[in-house]
Amino acid sequence: MTADPAVRREQSDSPLEETIGFARAVAAGDRVLVSGTMPLVDGAVRGEGSPYEQTLLAFGNALAALEPFGLGPDSVIRTRMYLSHARDADDVGRAHRELFDAVRPAATMVVVAGFTDSRVLVEVEIEAFRADGGVTE
């Protein structure tokens, strides 16, 4: 398979990227998509038992994946939040509001059956817009 020069992929330190075969973030044209991101610090789940803390950590990791593209929270146009329990919606929403209130991206929050690690309560995805039209230096 030949790589498309108009598509740029960035990896992180997650061993799952190699195991499963995905990139942490992919830029194509004016969009940067960040894969599902969990509340991991140095490969370990953090914020165990706290959906609020896990949301802040997961979004922090997802936002860090935008940095190689020169983007930050202001460029985020869509967020997705996956929760393992509906009871956590208020805590997850509060963390989202704290991070993105000024930006107001399109957002989706859904409850899922669970995650690959039962300690994870929240996984997030973000999509960002590159105003430069995807021009890389």
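These legends cover the whole chain and several close-up views of a predicted model.

**View 1. Overall fold of the protein chain.** The protein chain has 3 helices and 8 strands. Helices (H or I, at least four residues) and strands (E, at least two) are DSSP runs, numbered from the N terminus. Read from the N terminus on, the order is β-α-β-β-β-β-α-β-α-β-β.

**View 2. Surface and contacts of the protein chain.** The chain has 137 residues, and 34% of them count as buried. Buried means under 20% relative accessible area (1.4 Å probe, protein chains only). The accessible surface comes to about 7,700 Å², and carbon and sulfur atoms hold 50% of that. These areas come from the Shrake-Rupley method with a 1.4 Å probe. A contact means heavy atoms within 4.5 Å. Among contacts with a separation of 6 or more, 67% link residues 24 or more positions apart.

**View 3. Strand E8, residues 122-129.** Here 6 of the 8 residues are buried, so strand E8 is largely enclosed by the rest of the structure.

**View 4. Strand E3 beside E8.** Strand E3 spans residues 31-37 and runs antiparallel to E8, with 5 bridges joining them. Two strands pair if DSSP finds at least two bridges between them. Arginine 31 has phenylalanine 129 of E8 as its bridge partner.

**View 5. Strand E6 beside E8.** Strand E6 (residues 76-83) is also antiparallel to E8, and 7 bridges join the two. Threonine 79 stands opposite isoleucine 126 in E8.

**Notes.** Residues are numbered from 1 along each chain as its sequence is written. Local features need pLDDT of at least 70, side-chain atom pairs count only at pLDDT 80 or more, and totals for chains, interfaces and linings use all residues, while side-chain values use heavy atoms, leaving out hydrogens and water.

Definitions and conventions. Buried < 20%, exposed > 50% of the residue type's maximum accessible area, 1.4 Å probe, protein only.
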